[in-house]
Amino acid sequence: MRRALHYAGAIIAGALSGLGSALWGAGLWPASSNMAFGNVDAGGWRSDFAVGSEAADPYTRLRVARHGLLALAKSEAVYFTRTTDDAGAPLREACTYRLSGGAMPAQWWSVTLYDARSMLPANTDNALSVNAQSFGEGAWSAVIGPRRPADGAAWISTRGAGDFDLTLRLYVPEAALLRDPDKVLAPPRIERLACGA
């Protein structure tokens with residue numbers, strides 16, 4: 001009888017441990033874990049260079065499946081995600097931000113907004129991303145917010161996004177970035193300008 005209880009206890013503990021780690025790995029528990037994972041942090045932009053590689057463990061593969069990343073090999077593309085502004089506050093639909101940066105250590109780049117479900121918000125603004133083609137070389141900036149800027153500035157719409165995150169994609173990254181990302185990448189800044197209700 002005692003042995004049976006030990007076996008039952010081990011099975012229950014194993015099942016709970018497996019379920020908890022799977023939910024954590026997928027970013028489902030706790031709810032705030034979202035995409036805040038990875039072994040790389042460049043100025044608050046986080047990445048996991050195991051994504052898209054043979055080194056990806058089951059939890060990394062689970063996150064990729066959960067969040068729908070294309071997960072190209074890191075020699076082809078790396079992904080950085082940001083969930084907060086430069087002051088550390090969560091990114092929110094009702095706020096307006098200035099996103100700014102400079103040249104990126106890659107052949108091409110883009111920044112795209114995703115909602116809390118890692119989906120593109122369901123709005124008709126046709127303004128959910130900016131990319132290198134919009135700006136060319138050197139310094140660039142864009143407004144992130146619920147309304148199109150009156151001055152015609154580049155815009156990423158937050159309408160319908162709720163709490164959101166931004167994904168920076170760097171295509172064909174420089175080798176130095178892969179070796180030393182936190183020193184090579186000058187990450188885009190996210191300055192909060194105003195917040196509505």
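**Close-up 1. Arg82, Asp86 and Arg189 are joined to one another through a network of salt bridges.** In this predicted model, aspartate 86 takes part in two of the contacts described here, and the side chain of arginine 82 meets that of aspartate 86 in a salt bridge with an N to O distance of 3.3 Å. Arginine 82 is buried, since its relative accessible area is 5% and the cut-off for buried is under 20%. Aspartate 86, by contrast, has a relative accessibility of 35% and therefore counts as partly exposed.

**Close-up 2. Aspartate 86 and arginine 189 form a salt bridge through their side chains.** The N to O distance in this salt bridge is 3.1 Å, and the pair links distant parts of the chain, with the two residues standing 103 residues apart. Aspartate 86 belongs to the loop between β3 (77–82) and β4 (95–101), whereas arginine 189 belongs to strand β10, which covers residues 189–195.

**Close-up 3. Glutamate 191 and arginine 98 meet, side chain to side chain, in a salt bridge.** Here the distance from N to O is 2.9 Å. Because glutamate 191 lies in strand β10 and arginine 98 in strand β4, the pair ties together parts of the chain that are 93 residues apart in sequence. Glutamate 191 counts as partly exposed at a relative accessibility of 35%, and arginine 98 likewise counts as partly exposed, at 36%. A search of the whole structure finds 6 salt bridges, and the one between glutamate 191 and arginine 98 is a salt bridge of this kind.

**Close-up 4. Tryptophan 108 and tyrosine 171 make a tilted aromatic pair.** The structure holds 5 aromatic pairs. In the pair of tryptophan 108 and tyrosine 171, the ring centres are 5.8 Å apart and the planes stand at 55 degrees, so the pair is tilted; the reasoning rests on the cut-offs, because planes under 30 degrees apart would count as stacked and those over 60 as edge-to-face. The two residues come from distant parts of the chain, 63 residues apart, with tryptophan 108 in strand β5 (residues 106–115) and tyrosine 171 in strand β9 (residues 164–173). Tryptophan 108 counts as partly exposed, with a relative accessibility of 32%, and tyrosine 171 is also partly exposed, with a relative accessible area of 26%.

**Close-up 5. Trp109, Phe135 and Trp140 come together in one aromatic cluster.** This view shows the three residues of the cluster, namely Trp109, Phe135 and Trp140.

Definitions and conventions: Residues numbered from 1 in each chain as written. Predicted model: local features only at pLDDT ≥ 70, side-chain atom pairs only at ≥ 80, totals over all residues. Heavy atoms only, no water. Salt bridge = Lys/Arg side-chain N within 4 Å of Asp/Glu carboxyl O. Buried < 20%, exposed > 50% of the residue type's maximum accessible area, 1.4 Å probe, protein only. Helix = DSSP H or I, 4+ residues; strand = E, 2+ residues; numbered from the N terminus. Phe/Tyr/Trp six-rings, centres within 6.5 Å; stacked < 30°, edge-to-face > 60°.
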